[in-house]
Amino acid sequence: MACAVTCPVWHCFGINKKPRFRVRAERLDGSDLSAVSTDGVSVKETTVPVVVGRGYLVDGGNGSLKSRIEKKMGGEELELLWDDGYGTNTVKDYVDAAKDMIKPDGGPPRWFCPVECGRPIKDSPLLLFLPGLDGVGMGLILHHKPLGKVFKVQCLHIPVHDRTPFEGLVTLVEETVRLEHASRLNCPIYLVGDSLGGCLALAVAARNPSIDLVMILVNPATSLGRSRLQPFLPILEAFPDGLHVRTIPFLLSLVIGEPLKMAEVGVDGRLLPKQKIERISSNLTALLPFYSGLADILPTETLIWKLKLIKSASAYANSRLHAVKAEVLVLASDKDHLFPSGEEALRLKKLLPNCMIRIFKDNGHTLLMEDSMNLLTVIKGTCKYRRSKSHDFTKDFLPPSMSEYRYTFNNVDIFCHWNCRFLNFASCSSLFSTMENGKIVKGLAGVPDEGPVLLVGNHMLLGMDLSSLCEAFLREKKILVRGVAHPELFWGNFHTSSNVFNFFDLMKVMGAMPVSPKSLLKALSTNSHVLLYPGGAREALHRKVRLRFRLYPMEPSLNLQSGCKHVFDCASTGEAYKLFWPNQPEFVRFAAQFGATIVPFGAVGEDDMAKVVFDYYDYMKIPMLNDRIKELIRSGGVQIRDKAKGEVASQEIFIPGMIPKIPGRFYYLFGKPIKLKGREDLVENRESANEVYLQAKAEVERCIGYLLKKREEDPLRSIINRLIYRTFHAPLHQ
């Protein structure tokens with residue numbers, strides 16, 4: 001019978017420390033062993049020393065120790081804006097933990113579970129962390145708390161004086177992977193490989209193509225042949241004991257990442273510049289022990305051994321890339337001084353069949369210990385988190401945490417291409433809703449708190465309205481609005497061609513899902529607030545204002561003496577605030593199936609932000625661009641409504657040319673709710689459903705007309721007036 005604590009059993013570090021907790025070991029089949037103190041776990045008369053030191057629970061076997069409470073209850077489900085703890089740990093905590101763990105104990109590589117990871121939610125997959133050059137296994141220390149909520153985290157520790165060859169490490173990880181796979185056939189196993197650990201993950205995946213693996217490779221060492229370490233390898237082989245003493249500091253300096261990004265961890269971006277500089281300066285000073293401690297973590301003999309290990313690891317992994325079938329996410333740093341990680345990410349993307357990459361332009365080699373990279377957020381944003389064989393946008397959805405909310409809506413970098421804070425500040429949205437008695441009130445009081453609720457409205461240019469709307473619901477009602485978006489953002493060219501963590505990734509973190517009947521039905525079945533734009537991409541990418549000329553016959557009685565028989569009529573026509581909805585009332589039937597409430601709404605303000613000067617028709621007039629757009633659609637574009645007729649069938653994705661304006665203001669009006677509870681007849685009766693559909697559409701048009709009229713009376717429509725008023729009277733969110 002397989003056991004979570006497997007033999008042979010090895011001594012663990014710090015076994016003479018006084019135990020402070022009790023743990024319970026369990027077999028993988030769920031039957032528990034006797035509860036014992038942390039002096040040891042008795043398994044078939046073999047004792048596994050277990051240590052709790054500085055907050056880290058460590059076991060001596062290749063399995064894990066699981067609490068009996070976790071077995072009975074499982075982890076609690078995550079709440080909206082939960083505290084993920086990201087930013088509470090820093091590099092200083094890594095140094096403190098490493099000091100304890102690098103003490104020699106004569107043991108081989110082993111697995112351990114950090115106590116601060118806590119108890120994960122139910123059915124959480126296993127995550128194995130494979131360390132880089134340091135081998136300590138604490139490289140995820142900034143991410144222990146958020147990852148521990150949704151993964152069963154196990155970290156590999158390679159003692160400083162251990163000399164296990166690469167094939168031995170592969171065998172160790174492989175045995176653990178196979179054991180977990182045997183106990184949970186339908187659950188994926190995550191391998192997070194940092195540097196050297198990336199080669200280790202690739203080797204295990206190549207040898208086990210039938211096991212469902214999700215690999216996250218962080219600056220993998222597969223690019224050793226093009227790295228700055230390459231010139232030193234022949235010297236090591238020729239003079240293994242004669243490495244120059246001045247070479248060691250240089251090699252260690254390559255391992256160090258970007259100190260400034262390390263110091264920015266946990267610093268609130270909303271601080272005043274002076275306070276922010278003080279915090280960063282203090283953190284930089286606290287990093288000094290990290291640099292001095294590197295010599296203890298990687299002494300000369302160990303560093304030389306690790307360089308040789310990387311050489312064999314890189315050759316082993318590169319020779320077997322063709323056999324890797326697993327799902328791969330490569331995270332690369334553009335300022336990696338050790339490896340050309342950015343170039344390597346692009347190479348792996350071409351070679352591996354199921355590979356996605358994200359490049360971080362301002363980070364160094366120690367990406368996992370630097371700011372601007374919450375690993376869980378990246379996993380969620382790239383749709384890599386799942387608890388079964390395929391990703392489910394409803395079952396596998398994790399609500400955004402408070403740190404993700406702040407990162408999305410409080411980012412103060414105005415040059416960031418997903419800067420929602422800057423857009424919200426510039427647009428200063430004003431929201432209104434309609435009560436059941438028809439009274440229009442400021443705020444969202446007229447929108448029901450209890451789901452399921454289906455919000456349907458018009459799409460402004462480029463979806464400018466999304467950020468303000470979602471942020472308002474989170475701030476005012478503590479409700480997450482789950483928007484359905486074009487599948488191109490999830491599976492098409494936009495999804496696969498992007499190499500940086502972008503706005504579309506953040507949309508997925510905040511609950512976006514691909515538009516489809518299946519997605520809509522699943523979201524409504526969970527009593528969610530769902531945001532639907534029936535006009536889709538056709539409304540969000542509408543055409544510019546054009547002058548239209550018409551020639552029609554003149555009435556003879558109007559001007560008999562002029563001799564004119566025809567007259568020209570010139571008119572400007574634009575598509576802003578024009579609805580392009582399909583003729584089928586499908587969303588009404590879906591809402592009726594679950595007794596949902598439909599809330600129509602209108603949004604205006606895009607014409608105060610930008611002017612479209614180059615649209616789809618202009619693209620089509622340029623032969624090269626015409627061919628390019630059509631080729632993209634044929635090669636990888638996701639088509640929807642391909643059977644629809646009229647303008648609504650035109651769902652091509654393109655970026656219009658725009659000229660920015662002095663920012664105006666966004667206005668939203670949520671109309672009177674349409675309750676469909678008890679209207680199951682609409683599911684089958686299309687005629688009645690169409691009446692409700694036309695009612696919702698008319699309400700959206702009424703809301704748009706109302707806002708266009710009322711905004712002319714708004715004294716704060718101009719950003720200049722708003723800035724003056726805000727300076728003396730209003731809090732920031734108003």
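Tutor: Begin with the contacts in the chain, a contact being heavy atoms within 4.5 Å. Among those between residues at least 6 apart in sequence, 80% join residues at least 24 apart. This is a predicted model, where local features need pLDDT of at least 70, side-chain atom pairs count only at pLDDT 80 or more, and totals for chains, interfaces and linings use all residues. Residues are numbered from 1 along each chain as its sequence is written, and side-chain values use heavy atoms, with hydrogens and water left out.

Student: How many helices and strands are there in the chain?

Tutor: The chain has 27 helices and 26 strands. Both are DSSP runs numbered from the N terminus: helices are H or I with at least four residues, strands are E with at least two.

Student: And how much of the chain counts as buried?

Tutor: 56% of its 734 residues. Buried means under 20% relative accessible area, exposed means over 50%, and partly exposed is in between, using a 1.4 Å probe and protein chains only.

Student: Which residues touch the most other members in the largest nonpolar core?

Tutor: Phe151, Phe166, Val177, Met215, Ile216, Leu331 and Leu375, out of 110 residues in that core. A nonpolar core is a set of buried Ala, Val, Leu, Ile, Met, Phe, Trp, Tyr and Cys residues joined through side-chain atoms within 4.5 Å. Helix H5 (residues 196-207) supplies the largest share of this core, 9 residues.

Student: Where does the core lie relative to domain 1 and domain 2?

Tutor: Between them, because domain 1 (91-382) and domain 2 (402-547 + 578-610 + 663-728) both give residues to the core. Those bounds come from an automatic or database domain assignment. Another core, of 66 residues, lies apart from it and includes Val456, Leu520, Val588 and Ala591.

Student: Back to Leu331. What does Leu331 touch?

Tutor: Not counting residues up to four places away in sequence, Leu331 touches Ile216, Leu217, Val218, Asn219, Arg358, Phe360, Leu367, Met373, Leu375 and Val378.

Student: Asn219 is in that list. Where is Asn219 found?

Tutor: In the loop between strand E11 (213-218) and helix H6 (232-238). Asn219 has a positive phi of about 45° although it is not a glycine. Most residues other than glycine have a negative phi. At 0% relative accessibility, Asn219 counts as buried.

Student: Is Asn527 buried, exposed or partly exposed, and what is its phi?

Tutor: Asn527 is partly exposed, with a relative accessible area of 48%. Its phi is positive, about 60°, and again it is not a glycine. Asn527 is in the loop between helix H20 (517-525) and strand E19 (529-532).

Student: New topic. At what angle do H4 and H5 pack?

Tutor: Helix H4 (residues 166-183) and H5 pack at about 60°, with axes 9 Å apart. Axes are lines fitted to C-alpha atoms, for helices over the stretch in contact, and angles run from 0 to 180 degrees between N-to-C directions. H4 and H5 are therefore oblique to each other; under 35 degrees counts as roughly parallel, over 145 as roughly antiparallel, 65 to 115 as roughly perpendicular, and the rest as oblique.

Student: Which residues meet there?

Tutor: From H4, Phe166, Leu169, Val170, Thr171, Val173, Glu174, Val177 and Arg178; from H5, Cys199, Leu200, Ala203, Val204 and Arg207.

Student: What about H22: which of its residues are buried?

Tutor: Phe587, Val588, Arg589, Phe590, Ala591 and Ala592. That is 6 of its 8 residues, so H22 is mostly covered. They pack against E16, H20, E19, E22, helix H25 (681-684) and helix H26 (686-710). Arg589 has a relative accessible area of 16%, and its contacts, leaving aside neighbours within four places in sequence, are Leu682, Val683, Arg686 and Ala689.

Student: Last one. What is Thr597 in contact with?

Tutor: Leaving aside neighbours within four places in sequence, Thr597 is in contact with Pro448, Pro452, Val453, Leu454, Pro673, Ile674 and Lys675. Thr597 is in strand E22 (residues 597-604) and counts as buried at 12% relative accessibility. Its C-alpha atom is 4.5 Å from that of Lys675, 78 residues apart along the chain. As for Pro452, the peptide bond from Gly451 to Pro452 is cis, with omega near 5°, and most peptide bonds are trans.
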